[in-house]
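Biologist: I would like to go through the labels used for this model and see what stands behind each one. Please set every value against its cut-off.

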Amino acid sequence: MGLAHDLEALAIDIAREAGELARVRRTEGVAIAATKSALADIVTEADREVEALIRRRLRTERPDDGFLGEETGAERGLSDITWVVDPIDGTVNYAYGIPQYAVSIAAVTGEPTPEQWEAISAVVFNPASAELFHAARGDGAWRGEQRLVVNAEPSPAGALLATGFGYDPATHAGDLERVARVMPLARDLRRAGAASLDFAFVAAGRLDGYFERGLQPWDHAAGALLVTEAGGMVGGGGLGGTASSALSVACGPLLFDRLLTAALG
Ligand code: IPD
Ligand code: CA
């Protein structure tokens with residue numbers, strides 16, 4: 001089995017429990033707890049409660065590992081493993097009652113920064129649809145029992161692409177310029193509101209590609225492994241062309257150079 005499998009299995013178990021908590025809290029009504037980087041960047045009580053659950057379980061089962069979570073920050077561990085967690089990715093969807101949000105959990109080795117880490121296990125779980133996407137390095141990406149394969153190349157009509165927009169209104173003009181540069185490659189564009197699920201959908205062939213500026217490490221840690229294990233490529237504006245807040249791009253290998261070049265501008 002190996003370490004990556006063991007950590008994948010643990011992440012699946014924790015993501016299911018965490019997702020169920022998020023789902024139940026959603027049915028009880030959502031309270032906005034605070035705003036963060038911008039007025040549009042919200043955190044709900046559920047985000048905090050779900051991250052606390054995930055952190056508690058990891059501390060019990062893997063006490064030596066590090067942790068990097070959207071809501072509670074970073075803690076270095078004694079082992080080489082760090083858990084990178086977004087308790088609810090797609091918080092605005094969650095707050096509005098749109099069933100497109102996910103618990104995202106990745107185990108990475110090496111320095112806990114996206115440019116230096118290597119993801120080895122990943123889970124993206126949407127509790128509203130009960131869809132669970134998972135991967136272990138070297139063993140493919142899966143939706144439940146079904147193995148995922150990215151679309152090798154877009155149709156002659158162009159690529160079905162997804163993107164996202166930053167919370168800070170000052171970034172919107174640049175985001176729209178990027179969309180304009182990329183549109184000649186596209187048959188159409190989706191903005192579904194949860195980056196981890198955008199990556200998962202690329203892995204599953206539901207999208208031909210995805211690009212976004214402004215992602216945080218927990219937005220792409222798990223999703224990027226899903227895409228590469230499904231035969232796709234992930235890159236962007238980080239050192240050495242890694243996915244980063246400057247730019248993240250994910251798609252099949254035949255589209256990658258064109259999409260990256262257009263998105264970079
Ligand atoms: C956000 C979502 C959204 C993306 C933003 C992310 P959050 O994550 O993934 O789709 O466009 O860049 O910050 O704040 O809902 O966890
Ligand atoms: Ca989040």
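Biologist: Why does Phe211 count as buried?

Modeller: Buried means under 20% relative accessible area, exposed over 50%, and partly exposed in between, with a 1.4 Å probe and protein chains only. Phe211 has 1% relative accessibility, so the residue counts as buried. This is a predicted model, in which local features need pLDDT of at least 70 and side-chain atom pairs count only at pLDDT 80 or more, while totals for chains, interfaces and linings use all residues; side-chain values use heavy atoms, with hydrogens and water left out. Residues are numbered from 1 along each chain as its sequence is written, and chains are lettered from A and ligands numbered from 1 in the order in which they are written.

Biologist: Which residues is Phe211 in contact with, leaving aside neighbours within four places in sequence?

Modeller: Contact means heavy atoms within 4.5 Å. Among the partners of Phe211 are Leu161, Arg178, Val182, Leu189, Val249 and Leu259. Phe211 itself sits in strand β13 (residues 209-212); helices (H or I, at least four residues) and strands (E, at least two) are DSSP runs, numbered from the N terminus.

Biologist: How do you know that the length of helix α6 agrees with its number of residues?

Modeller: The expected span is 1.5 Å times one less than the number of residues. For the 13 residues of α6 (residues 217-229) that should give 18 Å, and the end C-alpha atoms are 18 Å apart, so the two agree.

Biologist: What is the bend of α6 at Gly223?

Modeller: About 25°, where the bend at a residue is the angle between axes fitted to the seven residues ending there and the seven starting there.

Biologist: What makes α6 mostly covered?

Modeller: Twelve of its 13 residues are buried, including Trp218, His220, Leu226 and Glu229. Gly231, with a positive phi near 90°, follows the helix.

Biologist: Why is Glu70 called partly exposed, and Asp86 buried?

Modeller: Glu70 has a relative accessible area of 22%, so it is partly exposed. Asp86 has 1%, so it is buried.

Biologist: How do you know that Arg206 forms a salt bridge with Glu131?

Modeller: A salt bridge is a side-chain nitrogen of Lys or Arg within 4 Å of a carboxyl oxygen of Asp or Glu. The closest N and O atoms of Arg206 and Glu131 are 2.5 Å apart. This pair links the loop between α5 (195-203) and β13 with strand β8, 75 residues apart. Glu131 also forms a salt bridge with Arg143, at 3.8 Å.
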